[in-house]
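Hi everyone, thanks for making time for this.

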Amino acid sequence: MTCEPCPKECDTCESEEVCITCAKSYYKMKDECVSAPECPDGTYPDDISRQCRGCSKVCLTCYGGSTKDCRECNFEEGYGRYNEKDECHLVNCAEQTYVHVDTASKAVVCLPCDEACAGCKGESSANCTSCGEGYAVMSSAANGTVLCKECPAGYALRENDKCKEICGDGLNMGEYECDDGNVANGDGCSAECTVEEGFACYTRANEPDKCLDIVPPKASLSVRKGTLLTVTFNEDVFVTMDEDYLKSMMQVYLKSGCELTWDFASSLKPNAKLTKFEIQTEPRCSLKASQDSFTVEFNDVSCVVDRDGNELETRVLEARTMRYVYSSASEMAYSEGLGSAFDSSSMVTLGVMVFISLFQSVSVGPFWSFVNMVQLVSYLPALDCTIPSNLEIFLTDYMNIRKVAIPTDLLPDFVMAPLNFIENFVTAPLNDRFSLAGYESLSFLFNFLDELLTWFLVALLYVALIVLCRLVPKSKYSRPDPRFKYFHEWKSGYEYNGVLRILIEAYLNMNFCAMINVNKVFGLCLLE
């Protein structure tokens, strides 16, 4: 082992590469000794410790350890000075500006942030410290900055500066189960954009989701008026085939095996929307209440679908029978003949009685009593009881002489105006029995419309009699000429009987309508 001399810059050393102390004019830098100019940036040569010591953090280069000994400010960390004599200090920029360092001039200036930033550390929207109004945080970085941008289509800004998918705008971005373009319930996609029970929703590119009802429609069967069947659906349905094909795909029969014929009560048009349809049956036997069942079978359920194409689920419908009295063809013909004879004889009797009352001064009180009796009898079909078909035809078609059909197209406008106004108050009949009896509304004025027209024509005749009475010549004692006495007698009769008959007719009808409305309001079982 031999002793080797240390390098010239070392005063003492462990080896040629490791100095322990430095020679004069040299400064320790880790294991080396360097001259003062060789101390790296960020350090300065300390004559006391003979080391290259670190500058203050505000300095990039320095000649001492104080903040006042900076040659250059640490602009990379935001330190600068307003002039060469000032100390280096941290530059504070106003809101929505950031510290910018010009590397060429080594100057520190404040520049405005990107419009997406409320505060920032750099010029782009990726260097925001917080987002400006209308902008959301898209991502964040480890240095505390965030990327701020406007929410894309289909999203809206929330309070936490986050974008949240919009529910109800018709753009399904994946956060919700569905989005059909609205916030209504009951259409398959709820107000919260969740798929409702019984529906399936399908996402379409750039279009609102399409939600389809996957629950098939159901039907129920009820019996009215003894033989009229009503098929009611729980939702709107469409008949896909024509009426003849539908009828061929249906079977209607009585469980007891009693023979019957049937047909649709009204025409069914293909693809027309409906919630029910009626089937008129004609059993060839009398039926007891709840002792038998009507059955309706759909052999091809594809004939009836809902709006989403779901086929009818219910194939077989049943309903208990009501009491029905069968009338043969001969009995029906006899009833129609009897009713026609009654109708004709009533009109002839009316004409004869009017003629007698006009020219023979005979009272027609008994005839008017008969008319009132017929009016009361015509109410019988409104009762909730089953009557034979032949009697029903007789009562509704021939005993209902209180109804007089007036050709309204011949009436002047000043007469039709109040009548049209009355029709605005039309309401539905209480039930089918009232409709059958001729009562299409609960309104007294509407039900009494035909009578009002009749008495209006009678009033016009009365006006004509007044004019005739004034025009006929008078005797020398200013009395009516005996040759024209009938005009005056007719006028007097109208003044008494006309008003009386109007009141009687109106009273009977008004009383009946009052009973209907009492039953409607209080739910009494008086008439149904």
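Phe264 and Phe277 are both buried, where buried means under 20% relative accessible area, exposed means over 50%, and partly exposed is in between, with a 1.4 Å probe and protein chains only. Before I go on, a word on the source: this is a predicted model, in which local features need pLDDT of at least 70 and side-chain atom pairs count only at pLDDT 80 or more, while totals for chains, interfaces and linings use all residues. Residues are numbered from 1 along each chain as its sequence is written, and side-chain values use heavy atoms, with hydrogens and water left out.

Back to the rings. A pair of aromatic rings is described by the distance of the centres and the angle of the planes. Here the rings of Phe, Tyr and Trp (its six-membered ring) pair if their centres lie within 6.5 Å; planes under 30 degrees apart count as stacked, over 60 as edge-to-face, and the rest as tilted.

How many aromatic pairs does the structure hold? There are three aromatic pairs. Take Trp262 and Phe264: their ring centres are 5.6 Å apart and their planes stand at 90°, so this pair is edge-to-face. Trp262 has 14% relative accessibility and therefore counts as buried, and Phe264, at 8%, counts as buried too.

Phe264 also pairs with Phe277, again edge-to-face, with 5.6 Å centre to centre and 75° between the planes. Phe264 lies in strand β24 (residues 260-264) and Phe277 in strand β25 (residues 273-283), so the pair ties together parts that are 13 residues apart in sequence. For anyone checking my strand labels: helices (H or I, at least four residues) and strands (E, at least two) are DSSP runs, numbered from the N terminus. Putting the rings together, ring pairs link Phe233, Trp262, Phe264 and Phe277 into a cluster.

Let's stay with β24 for a moment. Which residues make up its covered face? They are Leu260, Trp262 and Phe264, while Thr261 and Asp263 make up the uncovered face. β24 and β25 run antiparallel and are joined by five bridges; two strands pair if DSSP finds at least two bridges between them. Within that pairing, Thr261 has Glu282 of β25 as its bridge partner.

Trp262 has one more thing to show us. The charged end of Lys247 sits over the Trp262 ring, 5.2 Å from the ring centre. The rule is that NZ of Lys or CZ of Arg is within 6 Å of the ring centre and within 35 degrees of the ring normal. Elsewhere, the charged end of Arg50 sits over the ring of Tyr27, at 4.5 Å from the centre.

Now for the sulfurs. The structure holds 16 disulfides, a disulfide being a pair of cysteine sulfur atoms within 2.5 Å. I'll pick out a few.

One of them joins Cys73 to Cys88, with 1.8 Å from S to S. The link is left-handed, with -85° about the S-S bond.

Another is formed by Cys113 and Cys120, with sulfur atoms 1.8 Å apart. The torsion about the S-S bond is about -85°, so the link of Cys113 and Cys120 is left-handed. Cys113 and Cys120 are buried.

Then there is Cys131 with Cys148, sulfur atoms 2.0 Å apart, also left-handed, with -85° about the S-S bond. Cys131 sits in strand β14 (residues 128-131) and Cys148 in strand β16 (residues 146-149), so the pair ties together parts that are 17 residues apart in sequence. Cys131 is buried, with a relative accessible area of 10%, and Cys148 is buried at 1%.

What about Cys3? Cys3 is in no disulfide, and the nearest cysteine sulfur, that of Cys6, is 9.8 Å away. With a relative accessible area of 82%, Cys3 is exposed.

Last stop, the loop between β27 (304-306) and β28 (316-320), where Asn310 lies. Is Asn310 buried or exposed? At 16% relative accessibility, Asn310 counts as buried. Leaving aside residues up to four places away in sequence, Asn310 touches Asp213, Ile214, Val215, Pro216, Pro217, Val304 and Val305, contact meaning heavy atoms within 4.5 Å.
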